[in-house]
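Below is a note for someone opening this structure for the first time. Please read it with the model on screen.

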Amino acid sequence: MGILDKIAEIEREISRTQKNKATEYHLGLLKAKLAKYRAQLLEPSKSAGAKGEGFDVMKSGDARVALIGFPSVGKSTFLSLMTSTESEAASYEFTTLTCIPGVIEYKGANIQLLDLPGIIEGAAQGKGRGRQVIAVARTADVVIMMLDATKGEVQRELLEKELETVGIRLNRPKPNIYFKPKKGGGLSYNSTVPLTHCSEKLVQLILHEYKIFNAEVLFREDSTPDDFIDVIVGNRVYMPCLYVYNKVDQISIEEVDRLARRANSVVISCGMKLNLDYLLEQLWEYLSLICIYTKKRGERPDFGDPIIMRRGASVEHVCHRIHRTLASQFKYALVWGTSTKYSPQRVGLTHIMEHEDVIQIVKK
């Protein structure tokens with residue numbers, strides 16, 4: 001019996017089992033087994049096959065965004081509109097066969113946009129180059145899920161399921177569970193909140209499935225067994241996702257209104273170039289990028305060439321970005337902008353910068 005058959009059998013068993021207090025241990029065990037088999041499925045086979053065409057693209061720019069979607073939803077058209085790269089677009093499926101990179105220039109930042117081949121159902125098992133597509137998506141900072149507005153919710157659910165299978169968690173924070181395997185001493189289990197989904201017995205059963213008998217576990221939130229399994233496996237990627245509904249010019253205005261009000265969703269039309277500017281604004285927010293301008297003493301700030309940083313960056317991060325030796329020679333900095341109480345404010349290395357601040361660094 002192959003791994004795929006085992007996975008299918010466990011999924012059938014889970015769907016058959018009633019969810020109540022008596023079956024929660026059984027379900028927890030099945031979920032642990034399922035996660036284990038899926039991890040085996042994702043490991044590359046030991047015998048190296050014939051070398052195919054290179055798929056992953058070198059990371060460049062300030063951030064990386066992956067375009068994921070079913071064939072023929074408008075990913076290549078979107079890439080051609082947003083960037084200067086021409087990706088072949090046609091009305092038949094699988095026009096794009098490899099990963100095509102483009103660069104969006106927005107607010108002084110270079111955002112790398114990857115046009116990936118269409119995903120089909122069963123991609124996580126390797127159908128239609130699905131594994132390579134999803135492996136590239138894991139390296140991105142944000143996933144843009146292109147959906148066909150005329151096809152309803154089916155595409156979104158299928159894609160979420162495929163990404164969930166390979167360990168990509170969309171728009172979800174990392175579970176707040178402390179887990180540390182030990183050499184001996186058995187299982188130490190604690191929680192700081194009342195747990196409704198997990199119990200000590202269930203945690204022990206799941207750990208035994210992974211051949212872990214000595215560990216320290218502390219729940220800091222009311223998590224599900226799935227969250228706990230994610231923490232044990234440890235290779236899950238938690239990333240923001242923007243659901244982009246294309247082809248809204250082909251549906252009713254009421255339907256457009258309903259889609260636009262959904263969480264993390266943007267409605268666009270690549271054919272009629274509608275709402276693309278709002279999509280860029282949302283993308284900027286999701287990437288949590290900020291622009292910082294530099295200033296030399298006695299001169300005007302250089303507004304032409306900003307430094308692009310992540311939100312929450314300190315003066316020390318800015319110093320490292322300018323030159324690696326600058327932080328060691330740092331005396332103080334003068335900052336103008338919204339992060340200060342008054343302008344200019346004299347600050348140290350730990351000061352947190354905000355969007356469009358101006359900084360002047362004084363060396364020792």
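**Notes on the fold**

1. Strand E14 (residues 330-336) pairs with E15 in the antiparallel sense, over three bridges. Two strands pair here if DSSP finds at least two bridges between them. Helices (H or I, at least four residues) and strands (E, at least two) are DSSP runs, numbered from the N terminus. Within E15, Val347 is the bridge partner of Ala333.

2. This is a predicted model, in which local features need pLDDT of at least 70 and side-chain atom pairs count only at pLDDT 80 or more, while totals for chains, interfaces and linings use all residues. Residues are numbered from 1 along each chain as its sequence is written, and side-chain values use heavy atoms, with hydrogens and water left out.

3. The protein chain has 10 helices and 16 strands. Of its 364 residues, 45% count as buried, where buried means under 20% relative accessible area, exposed over 50% and partly exposed in between (1.4 Å probe, protein chains only). Among contacts (heavy atoms within 4.5 Å) between residues at least 6 apart in sequence, 64% join residues at least 24 apart.

4. E14 and E15 belong to an open sheet of five strands with mixed pairing, in the order E13-E12-E16-E14-E15. Its edge strands, E13 (302-310) and E15 (345-347), each pair on one side only. From one strand to the next the twist averages 35 degrees. Helix H10 (residues 315-322) packs on this sheet and touches E12 (289-294), E13, E14, E15 and E16 (357-363). The direction of H10 makes about 115 degrees with that of E13; axes are lines fitted to C-alpha atoms, for helices over the stretch in contact, and angles run from 0 to 180 degrees between N-to-C directions.

5. Leaving aside neighbours within four places in sequence, Ala313 is in contact with His351, Ile352 and Met353. His351 is 38 residues from Ala313 in sequence, and their C-alpha atoms are 8.5 Å apart.

6. An open sheet of three strands, also with mixed pairing, has the order E6-E8-E7. Strand E6 (177-181) and E7 are the edges, each pairing on one side only. The twist averages 5 degrees from one strand to the next. E6 and E8 run antiparallel and are joined by five bridges, with Glu216 in E8 as the bridge partner of Lys180. H6 packs on the sheet, touching E6, E7 and E8, and its direction makes about 135 degrees with that of E7. H7 also packs on the sheet, touching E6 and E8, at about 45 degrees to the direction of E6.

7. E7 (residues 187-191) and E8 (residues 215-219) pair in the parallel sense over five bridges. Ser188 stands opposite Glu216 in E8.

8. Helix H7 (residues 225-233) is largely enclosed by the rest of the structure, because seven of its nine residues are buried. Among them are Phe228, Ile229, Val231 and Ile232, as well as Asp227 and Asp230. Just after H7, Gly234 takes a positive phi of about 75 degrees.

9. Helix H3 (residues 75-82) and helix H9 (residues 276-287) pack at an angle of about 85 degrees, with their axes 12 Å apart. H3 is therefore roughly perpendicular to H9, a label for angles of 65 to 115 degrees. Phe78, Leu81 and Met82 in H3 meet Leu276, Leu279 and Leu280 in H9.

Notes
Angles under 35 degrees count as roughly parallel, over 145 as roughly antiparallel, 65 to 115 as roughly perpendicular and the rest as oblique.
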